[in-house]
Amino acid sequence: MPVLYRLFVRTLLVLLPLVTPLAWAEASPPTRLIVPAPAGGNLDALARRLAQSLTAVSGQNVMVENRPGASGQIGADLVARSAPDGKTLLIAGSFLSTNPLQFKGALNPITELMPVIKLADNEIYLVAHAGLPVERADEIRAVARQRPGGLNCAAVPGQMALGCERLRVLLDGKLVSIPYPGIAPTLNAVAAGHVDLAFASHGTLKPLVETHRVRVLAVAGDRPGKPPFDRVPLLKDTWPGFVMNGYAGVFAPAGTPVALVATLNQEFNRALASPEMVQAVHELGYTRRGGGPDVLARTLTHDAAFYQRIATEAGLVPH
């Protein structure tokens, strides 16, 4: 028996290094990718495709968890309060920089979150109801002056609302911002003629433009739009400096070790480069990016300064 016992122990010691990693992998909790928006939208669709690709390239189980509400703040707060162990991550965009300008108590993304990767850019467009007598952004001022009450703009909380406020300042107050809870009801209102103007992203526009219910007036970004809007003029050509770009990025809680962030960034870059993700990003109307955490950090810093300037000029204060 002692001989058999010693043989068993030696065999176990040989096999243990091979078995233990597998056991740890099975016992390891899944990575949660928090989407601060309802299921069914573009950000949710991007997150779900990304989770599938990330699971394939990393071997780790990645779960998408929707935590909508408070203009994305509920999901962002959840991640900011989570352990900095890389197991709870946030996929988010420009609302992180605009929320502190609109809502009291909103987290500061620069101090409370840590950039991991910029996944993609999301082009923003200025659109109008098809019945509004304008073809280009430079015709808006004349129409606004002709109307006794001016024009109105559907203001979805976040960068879209700040875009409307920027228009109000540029049109000398001849524009009223009308709050709307989300992009779907906003575009429905524009298509029906209930509002004159709105800002919207590429992926949400094509069906309405193809049925001639909404007209695209300008690209709010700093480069030509994607087809079929590649011939639409740039908004900055009418109003210099008026540049708004949407994006989707992944963030970890502040305090996450730099080495762990680097590992996460490498895995996300691999997932983003997969053929499935390349196709998914294109289908959803995004422009694929990637790169190091510094790329996302620069976007975050730029947005914070840009939207702060808009809020100051418009006289907006958090409420």
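Mentor: T186 is found in helix α8, residues 183-192; helices here are DSSP runs of H or I with at least four residues, strands are runs of E with at least two, and both are numbered from the N terminus. This is a predicted model, in which local features need pLDDT of at least 70, side-chain atom pairs count only at pLDDT 80 or more, and totals for chains, interfaces and linings use all residues. Residues are numbered from 1 along each chain as its sequence is written, and side-chain values use heavy atoms, with hydrogens and water left out.

T186 counts as buried because its relative accessibility is 0%; buried means under 20% relative accessible area, exposed over 50%, and partly exposed in between, with a 1.4 Å probe and protein chains only. Apart from neighbours within four places in sequence, T186 is in contact (heavy atoms within 4.5 Å) with A154, V156, Y180, V195 and A198.

K226 sits in the loop between β8 (214-219) and β9 (245-253). With neighbours within four places set aside, the contacts of K226 include E123, Y125, H202 and H282.

As for the setting, the chain has 12 helices and 10 strands, and buried residues make up 47% of its 319 residues.
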